[in-house]
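I opened the notebook to look up charged side-chain pairs. My entries follow the order in which I checked them.

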Amino acid sequence: MNRNDATKQFHSGGDRLAELIDGSQPVELPTPDTDTPMVSRSVRLPLETYERVRTAAEARGIGVTTLMRQWIEAGLADLDDSATVSLADVRRALAALAHPTAA
């Protein structure tokens, strides 16, 4: 059944569409990666920005949305002075203190 036929069946109230749905194979849904309820939002990014985020996520071995969520959470933590700092940032700060540059 094509889309137009399915739409006609739906609007006519016929039983054929219901039979088609009932006769389909069950689909296994993916298991959520968290027990925390999530809200899905879309965001428009310039292609170059998205590619940079994707590359950063791949380098960390995580998904793009996971990395974006981490960055948003870190930004929000910074707003209320409960900021988390990445280990890489701490190492860079310590290295800069150990080797100060001349002013």
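**Entry 1, helix 5.** I began with Asp 89 and Arg 92, which both lie in helix 5 (residues 87-98). They sit 3 residues apart, about one turn of the helix. I took helices as DSSP runs of H or I with at least four residues, numbered from the N terminus. The model is predicted, so I kept its terms in view: local features need pLDDT of at least 70, side-chain atom pairs count only at pLDDT 80 or more, and totals for chains, interfaces and linings use all residues. Residues are numbered from 1 along each chain as its sequence is written, and side-chain values use heavy atoms, with hydrogens and water left out.

I then looked up the contact itself. The side chains of Asp 89 and Arg 92 form a salt bridge, at 2.3 Å from N to O. The term requires a side-chain nitrogen of Lys or Arg within 4 Å of a carboxyl oxygen of Asp or Glu.

I noted Asp 89 as partly exposed, at 38% relative accessible area. Arg 92 is exposed, at 53%. My cut-offs were under 20% for buried, over 50% for exposed and partly exposed in between (1.4 Å probe, protein chains only).

How many salt bridges does the structure hold? I found 3. Glu 51 and Arg 54 meet in one of them, at 2.4 Å from N to O. These two are 3 residues apart in helix 3 (residues 47-60), which means a separation of about one helical turn. Glu 58 also forms a salt bridge with Arg 54, with the closest N and O atoms 2.8 Å apart. Here the spacing within helix 3 is 4 residues, again about one turn.

I recorded Glu 51, Arg 54 and Glu 58 as linked in a network of salt bridges. Glu 51 is partly exposed at 30% relative accessibility. Arg 54 is partly exposed too, at 27%. Glu 58 is exposed, at 52%.
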